[in-house]
Amino acid sequence: MASVDVTFNKRKVVRNELIGLYGIVERNVYLTKRYFLWDLAFLLWTIANTLTIVFIADGVNLSAAERNEFATKLLVGGVIWAFLGIIFEIVTETVAWERWEGTIEYTFMAPVSRPVHLVGMGIYAVLYGLVRAAAVYVAVVAFIGISVSDANYTAAVALLAIASVSFIGVGMMTAVLPLISPEKGMQLGFVAQGLMLVVSGVYYPVSVLPEWMQWISKISPATYALRGCRNSILDGAGLAWADVWPLLVIGVFSIPIGLVVFRAGERYAKKTGKLKRSG
Amino acid sequence: MSSQAVVVRDLEKVFSRRKGLVGRRRRAALSGVSFAIERGECVAILGQNGSGKSTLVRLLSTLLLPDGGTAHVFGYDVFSEERKVQRLVNRVSVEASFFKKMSAAENLAYAARFYGMGPRETHAKIPDILERVGFPSSRRNEAMENLSRGMQQKVALARALLTSPVLLLLDEPTTGLDPRSKQEVQNFIREIRQRHDSTILLCTHDMKEAEELADRVGLLDRGELLFLEPVDDVKARYGVETLEEAFFVATGRTFEDEKTEDDEEREVFA
């Protein structure tokens, strides 16, 4: 057999993986530039959607201070959900988008590790999600006239960054769905996202949920992200360990589980011939 | 040490699809396929749609797992050492497969990053490789969706070459191209053979193309490799003048014969 040496030393392997990671982020930046108007329309839709929720506070008979607090709680819910939802969506679309473009086979036959591929998608999703969330927040605060003078933005952003790790992990698990089921996979991803929306207390306190749903809310990273960010924006609270440690624990478990699930799904797709552009 | 670049032994691939509520319909895309390709050789595999050509290419590209048999690329097991094999292989398929809104340069940069090429390296290399495949530099930053099929296929060739593969898998690279674009792509394949240390596996249903470009020609029919020999040996074996006639003698059908229901199904499955 003709020998061709492809054994790289560790340094070169790490270098190649980092360039691959950069490539994923770079490609997503290119796509955002090319789909700028589409992204802008989506942003306006999110702002309108958040406004419809925050205006609920104006329809309830409350004092000015209570109205401000209620509107801020709804706003934080809407913005955090927009942020976490976009991370979830971008990571989940790792497969679906490439299948739609027809590039899936070239990406999956390239010598870059799957963790790097998925983490690259996650890093871009966090950066893009932060910019979007900030735009939604500023637009709604300016439009509706909410006072957020006590807000501790540093703590809120730090908590979001910690929560993002868990969301990337959960996103990896759902990213495998379009790989296993090209027709129904994306929809199943939305089902998972919707379930998290229901149990995490995005627009209402978790305490109003039935007890069994409250148990589920304990394993949703969104529960802790929402609680911590509300405290930081409303009361100026710093990072609370009670919110941080569950997010760290969920993050530590969700990323490896996400990778294992994705790997198993990729193997299944290779076995059944589903790893192709037409599904 | 032999000089074999690809060694495939008894390769099997079966696809199945749901039939009704509980049943499954199974079709063999490849049945006991064995062959070897020497380093630097260009081998063409002929076959109708659904014959198993693309399945073979996807197996060697690490995109499929087999149901039996083995495949090695330069001594590396395709199915257990996939990362090593991925560094050696690239392909051009019948569909150009790009991010449609991104430009040729952006698509090439994306592909190059996966092979460890940073921005500094691709800054000079991408314009150079596009020029070599005859892609006009003025259209380098134009969205792929605005390019003709022939232009897109040139970018696909550039993408494959950018990563300097030692095994190039060409899966019907000229199908659907106008005669001029087809000629340009074929000329470039000849150039690759002359200038690079590349081994080429060309899957095609164009017999003339296979005869002109390849050192040896194989016929894959309904998942079985009927022969893989130099064209003259094929003609001598069947006592015929052309590859079309050889196909007829070997299979009992003409290349253009209508497909049976079974063939249609195999085409969908594979």
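The model is predicted: local features need pLDDT of at least 70, side-chain atom pairs count only at pLDDT 80 or more, and totals for chains, interfaces and linings use all residues. Residues are numbered from 1 along each chain as its sequence is written, while chains are lettered from A and ligands numbered from 1 in the order in which they are written. Chain A has eleven helices and zero strands, and chain B has ten helices and ten strands. Here helices (H or I, at least four residues) and strands (E, at least two) are DSSP runs, numbered from the N terminus.

**Chain A overall**

- The radius of gyration of chain A, taken over C-alpha atoms, is 20 Å, close to the 19 Å from the globule rule for 279 residues, so chain A is as compact as a globular protein of that length. The globule rule is 2.2 Å times the number of residues to the power 0.38.
- Along the principal axes, the C-alpha atoms of chain A fill a box of roughly 80 × 40 × 40 Å.
- Of the 279 residues in chain A, 45% are buried. A residue is buried if 20 or more other C-beta atoms, placed from the backbone, lie within 10 Å of its own, exposed if 12 or fewer, and partly exposed in between.
- Among contacts in chain A with a separation of 6 or more, 81% are between residues 24 or more positions apart. Two residues are in contact if their C-beta atoms, placed from the backbone, lie within 7 Å.

**Helix packing in chain A**

- Helix α3 (residues 64-101) and helix α5 (residues 114-144) of chain A pack with their axes 8 Å apart, at an angle of about 155°. Axes are lines fitted to C-alpha atoms, for helices over the stretch in contact, and angles run from 0 to 180 degrees between N-to-C directions.
- α3(A) and α5(A) are therefore roughly antiparallel. Angles under 35 degrees count as roughly parallel, over 145 as roughly antiparallel, 65 to 115 as roughly perpendicular and the rest as oblique.
- The contact of α3(A) with α5(A) has 21 nonpolar, three polar and one charged residues. Ala, Val, Leu, Ile, Met, Phe, Trp, Tyr, Cys and Pro count as nonpolar, Asp, Glu, Lys and Arg as charged, and the others, Gly among them, as polar.

**Chain B overall**

- Chain B has a radius of gyration of 19 Å, close to the 18 Å that the globule rule gives for 270 residues, so chain B is as compact as a globular protein of that length.
- In chain B, 48% of the 270 residues count as buried.

**Inside chain B**

- The axes of α3(B) and helix α4 (residues 119-132) of chain B come within 10 Å and cross at roughly 120°, so these two helices are oblique to each other.
- On the α3(B) side the residues are B:Ala104, B:Ala105, B:Leu108, B:Ala109 and B:Ala112, which meet B:Thr122, B:Ile126 and B:Leu130 in α4(B).
- B:Val155 lies in helix α5 (residues 149-162) of chain B and counts as buried, with 25 C-beta neighbours inside 10 Å.
- Leaving out residues up to four places away in sequence, B:Val155 touches B:Ala96, B:Phe98, B:Ala104, B:Asn107 and B:Phe135.

**Between the chains**

- In the contact between the chains, 40 residues of chain B meet 33 residues of chain A.
- On the chain B side, β1 (4-19), α2 (82-88) and α3 (104-113) are the elements that give two or more residues.
- That side of chain B has 20 nonpolar, eleven polar and nine charged residues.
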